[in-house]
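Hi everyone, thanks for making the time this morning. Let me put the structure on the screen, and then I'll walk you through the places I'd like us to look at together.

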Amino acid sequence: MPLVDFTKQGKVGVITIDNPPVNALSHGVREGLKTALDRALADDGVVSIALLCAGRTFSAGADITEFGKPVVPPGLREVIDAFEASPKPIVAALHGTALGGGFELALGCHYRIAPATAKVGLPEVKLGLIPGAGGTQRLPRLAGIEAALKMIVDGNPVSAEKAKAMGVVDEIVEGDLAGAAIGFAQHLADESRPPRPTSALPVPPAKAGAFDELEKGIAKKQRGFVAPFRAIEAVRAAAAEPFSEGMRLERDLFMQLMASPESRAQRHAFFAEREVAKIPGLPAETPTREIRSAGVVGAGTMGGGIAMCFANAGIPVALIETTEEALDRGLSTIRRNYANSVARGSLRQEEMDRRMALLQASTDYRQLSKADVIIEAVFEEMALKKEVFAKLDAVAKPGAILASNTSYLDVDEIAAATKRPGDVLGMHFFSPANVMKLVENVRGERSSPDVLATAQKLGKRIGKVPVMVGVSDGFVGNRMLTKRMREAYFLLEEGALPWQVDKVLYDFGFPMGNFAMSDLAGLDVGWRNRKSKLDRLTPRERECDILDRICEMGRYGQKTGAGFYRYDDRRNPSPDPLIEKLIVEHSQRRGIQRREITDREILERCMYVMVNEGAKILEEGVAARPHDIDIVWIYGYGFPVYRGGPMFWADEVGLPKVLEAIRQYRESVGAEYWEPAPLIERYVKEERGFYKR
Ligand code: T1G
């Protein structure tokens with residue numbers, strides 16, 4: 001089947017794109033579209049045209065793999081302009097997800113039909129771009145400024161029903177879509193309906209202040225992103241300028257963004273997210289086990305959130321706790337979370353009821369005997385974990401997958417507590433588990449291939465981004481975070497203050513800095529973890545006991561109204577002179593002469609120590625690719641996606657510069673903390689990066 005096929009049905013010319021998996025508008029497709037249109041226009045027997053896509057979806061946009069390379073004509077704009085200028089009316093039939101350039105092509109057609117299951121959208125901002133083939137100029141002409149702005153600035157798709165209400169889709173159809181499209185085109189021919197070039201339509205006036213309001217409204221949420229603000233600029237031109245002038249501005253902005261580091265990073269993240277779904281060394285066709293029901297042991301914060309993930313995906317889940325009280329507490333937290341979503345209008349009441357009905361709470365482990373997968377989410381203590389897994393070994397059916405939600409303990413040691421270590425792995429969720437997208441799937445030494453493949457597939461099914469990692473203290477994310485935390489504490493005793501360190505990380509693009517994050521998680525959690533590791537810490541780490549001092553004052557962070565910061569009743573943080581005094585006295589006690597510390601040193605020490613640890617993680621095979629590390633940090637730790645993740649960012653900075661700084665800190669802070677990873681030294685010698693060759 002050619003990439004684009006042209007056939008005739010009566011008076012209707014049928015143009016069909018067939019470029020699996022998502023009918024991306026690659027050069028071959030664009031050329032094929034142009035040729036097919038020319039054939040339809042040259043054929044006197046053709047009165048109207050239907051545009052369809054084969055496979056699971058209408059075109060999901062331009063071919064992102066072609067970005068950054070010179071555009072081979074015909075460009076997408078040229079193709080769309082030709083479709084729009086056609087003297088014969090064209091109807092586009094949209095199924096699946098008509099996105100980006102695909103949706104822009106449809107906006108260049110004169111009519112659009114779709115089944116109710118279809119979605120349409122302009123997600124370019126998620127790639128650090130704006131629609132570049134007329135979307136910012138044509139969509140406002142059909143849907144109005146406000147609706148177009150929302151779709152283009154947040155990049156989220158809308159349903160076909162919603163698109164119809166917006167005036168973008170002309171008809172919702174059922175059954176055979178190709179038949180409906182040809183029927184619709186036949187109807188246009190029979191009634192001699194004219195083409196309706198969208199660009200000729202006037203732009204309905206916008207509500208006064210619509211643009212400024214939106215710009216202000218997204219300032220906080222889209223902090224650090226560039227594309228959403230350029231998108232507003234382009235749509236503003238649609239309201240103020242003639243179509244051709246608006247198209248010129250859209251082009252300029254699009255080309256600027258295409259060359260921007262932000263878009264390069266976001267395009268990297270797009271493909272990295274798809275790459276990490278695949279497990280190196282495991283064939284794509286590795287069989288997976290069927291998951292019809294689940295079980296969760298522990299109804300605390302993590303267990304409750306994990307149970308919600310299964311219920312949200314329509315999977316019945318048994319929730320086990322040791323006592324009825326604990327069970328009631330867990331269930332009421334879940335009920336409250338759902339009720340908040342209903343109150344916010346993001347969930348319908350009947351959907352909440354359906355999900356609650358999928359939860360079966362009990363204190364009896366035998367309720368787990370039919371579960372296909374069981375996730376243990378009890379207190380982080382090895383002895384307790386082993387006890388739970390021994391019990392699961394006794395009640396779980398053969399072939400059930402047993403997973404631990406531990407965030408750093410040895411999964412192999414846990415698996416050894418069962419007679420079926422091949423069925424055991426780690427599935428490390430992030431708090432709040434019903435919200436955070438990341439799951440670190442931890443492959444144990446004996447985890448069998450189908451268990452690993454099933455965990456990856458299941459992760460996607462419950463709406464997560466699963467990343468396969470190896471056993472190591474803290475796996476990938478927490479292992480790197482621990483190094484960053486250590487450096488941050490060292491910086492405090494050398495002269496920095498918590499709010500200075502946090503501001504540097506906040507300005508870099510993280511949602512919050514180390515110390516504000518610790519206050520949110522609860523300082524007592526970190527303190528307990530630190531105390532459990534004291535014997536494994538270096539002398540300096542042991543003596544850098546600022547956290548201990550703060551906790552001994554009963555300051556555990558937000559939950560006690562004070563930690564590194566003081567919190568008002570709306571939990572707004574403010575620097576606390578008492579903490580400054582505590583830190584200054586700590587330095588004196590330690591005999592450390594405090595010095596002026598630059599923001600640059602803070603950023604380098606907090607970020608390069610992570611990159612260095614990331615390189616060691618790659619050397620050890622705890623992560624198979626730098627992609628895994630970048631996606632862990634973007635989806636688990638709020639690493640700004642417009643910087644692409646720590647490993648991609650290091651490449652952008654340049655590994656020679658990173659290595660030079662690491663060597664400098666080895667001298668100033670100490671070799672036991674800053675030994676350069678051999679991988680970085682080798683890459684610098686080979687003049688390559690983690691990705692850059
Ligand atoms: N170009 C190239 N490859 C693409 C692609 C695209 N647009 N979309 C998907 N793929 C690949 C993907 O890498 C994966 O490959 C396979 O298809 C299946 O994808 C001018 C400039 C459509 C909702 O941003 O959101 O148009 O890993 O695993 O979960 O204004 O793909 O198998 O080798 O994601 O079912 C705008 C991007 C482009 C949409 C399907 N369009 N795609 O999700 O499958 S910019 C987008 C998606 C643009 C114009 C501008 C999703 C999907 P592999 P998948 P899925």
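Sorted by class, the shell around the ligand has 15 nonpolar residues, five polar ones and seven charged ones. Before I go on, please keep in mind that this is a predicted model. In total, 27 residues surround the ligand, and the closest are Arg56, Ala60, Glu104, Glu124 and Arg274.

Let's go through some of the polar atoms here. Arginine 56 places a polar side-chain atom 2.7 Å from an oxygen atom of the ligand. For alanine 62 the backbone is involved: one of its polar backbone atoms is 2.9 Å from a ligand oxygen. Then there is glutamate 124, with a side-chain N or O atom 2.7 Å from an oxygen atom of the ligand.

Now, some backbone geometry. Please turn to the loop between strand E2 (12-17) and helix H1 (27-42), where you'll find proline 21. The peptide bond leading from proline 20 into proline 21 is cis, and its omega is near 10°. Asparagine 23 lies in that loop between E2 and H1 as well. Although asparagine 23 is not a glycine, its phi is positive, about 50°. Is asparagine 23 buried or exposed? Its relative accessible area is 2%, so asparagine 23 counts as buried.

There is another proline pair to look at. From proline 73 to proline 74 the peptide bond is cis, with omega near 0°. Proline 74 sits in the loop that runs between strand E3 (48-53) and helix H2 (76-84).

And there is another positive phi, this time at phenylalanine 475, where the value is near 50° in a residue other than glycine. You'll find phenylalanine 475 in the loop between strand E17 (465-470) and helix H18 (477-494). Phenylalanine 475 has a relative accessible area of 0%, so this residue is buried.

On to charges. Side chains of opposite charge can pair when their charged atoms come close. How many salt bridges does a search of the whole structure find? The answer is 59, and I've picked a few to show you.

Start with arginine 366 and aspartate 364, which form a salt bridge with their closest N and O atoms 2.9 Å apart. Arginine 366 is exposed, at 60% relative accessibility, while aspartate 364 is partly exposed, at 23%.

Next, please find glutamate 487 and arginine 605, whose side chains meet in a salt bridge with an N to O distance of 2.7 Å. This pair links distant parts of the chain, since glutamate 487 belongs to helix H18 and arginine 605 to helix H25 (599-620), 118 residues apart. Both glutamate 487 and arginine 605 are buried. The two are also members of a network of salt bridges, which includes Arg486, Glu493, Glu494, Arg540 and Glu543 among its other residues.

Staying in helix H25, glutamate 604 and arginine 600 are four residues apart, about one turn of the helix. They form a salt bridge too, with 2.9 Å between the closest N and O atoms. How do the two ends compare in exposure? Glutamate 604 is buried, at 7% relative accessibility, whereas arginine 600 is exposed, at 57%.

One last stop before we open the discussion: leucine 253, in helix H10, residues 243-258. With a relative accessibility of 3%, leucine 253 counts as buried. Which residues is leucine 253 in contact with, leaving aside its neighbours within four places in sequence? They are Ile130, Arg230, Glu233 and Ala234. Please look across to leucine 129 as well: leucine 253 is 124 residues from it in sequence, yet their C-alpha atoms are 8.5 Å apart in space.

Notes. Residues are numbered from 1 along each chain as its sequence is written. This is a predicted model: local features need pLDDT of at least 70, side-chain atom pairs count only at pLDDT 80 or more; totals for chains, interfaces and linings use all residues. Side-chain values use heavy atoms; hydrogens and water are left out. A residue is near a molecule or strand if one of its heavy atoms lies within 4 Å of it. A polar contact is a pair of N or O atoms within 3.5 Å; within protein, one must be able to donate a hydrogen and the other to accept it, and residues adjacent in sequence count only if both atoms are side-chain atoms. Ala, Val, Leu, Ile, Met, Phe, Trp, Tyr, Cys and Pro count as nonpolar, Asp, Glu, Lys and Arg as charged, and the others, Gly among them, as polar. Helices (H or I, at least four residues) and strands (E, at least two) are DSSP runs, numbered from the N terminus. Buried means under 20% relative accessible area, exposed over 50%, partly exposed in between (1.4 Å probe, protein chains only). A salt bridge is a side-chain nitrogen of Lys or Arg within 4 Å of a carboxyl oxygen of Asp or Glu. Contact means heavy atoms within 4.5 Å.
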